[in-house]
Amino acid sequence: PVHLALTMDSGHVLRDPLPDVRALVAGEGKEIFALFASPPVIRRDVPRGADSATLTLRAEDVQIPPNIAVLVRDVQPRTVLLHLAPRTTAADSGRR
């Protein structure tokens, strides 16, 4: 699995859980096995002010820890749709 690390406006939250993202990697077995302890990451900024965002993911976006020698061949899914909602606080809930 690939960890999807999002940077987004503090006034918004994700409405849905993050999708599972997987990478197809090539390398020696011990190197691939090491990815379970140190998972690869895709870091993305989520555009501000939108109620949804579509992110295109590529193999080149996958960041492998520096001590692991593998080659990323593909990533799935290649597109991720994020649904955003305004962040509510306890004070907001009390006004209803």
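Contact is taken to mean heavy atoms within 4.5 Å. Among contacts in the protein between residues at least 6 apart in sequence, 70% join residues at least 24 apart. The model is predicted, so that local features need pLDDT of at least 70 and side-chain atom pairs count only at pLDDT 80 or more, while totals for chains, interfaces and linings use all residues. Residues are numbered from 1 along each chain as its sequence is written, and side-chain values use heavy atoms, with hydrogens and water left out.

The protein has 2 helices and 7 strands, taken as DSSP runs (helices H or I, at least four residues; strands E, at least two) numbered from the N terminus. Their order along the sequence is β-β-β-α-β-β-β-β-α. The C-alpha trace spans about 60 × 25 × 20 Å along its principal axes. Of the 96 residues, 30% count as buried (under 20% relative accessible area; exposed is over 50% and partly exposed in between, with a 1.4 Å probe and protein chains only).

Glutamate 31 lies in helix α1, residues 29–34. Glutamate 31 is buried but has no salt bridge, and the nearest side chain of opposite charge, lysine 30, is 4.6 Å away; a salt bridge requires a side-chain nitrogen of Lys or Arg within 4 Å of a carboxyl oxygen of Asp or Glu. Beyond neighbours within four places in sequence, glutamate 31 contacts Asn67, Ile68, Ala69 and Val70.

The count of aromatic pairs is 1. The ring centres of phenylalanine 33 and phenylalanine 36 are 6.0 Å apart and the planes are at 55°, so the pair is tilted (centres within 6.5 Å; planes under 30 degrees apart are stacked, over 60 edge-to-face, the rest tilted). Phenylalanine 33 is exposed, at 63% relative accessible area, and phenylalanine 36 is exposed at 62%.

Terms used: Lys and Arg count as positive and Asp and Glu as negative; His and the chain ends are not counted.
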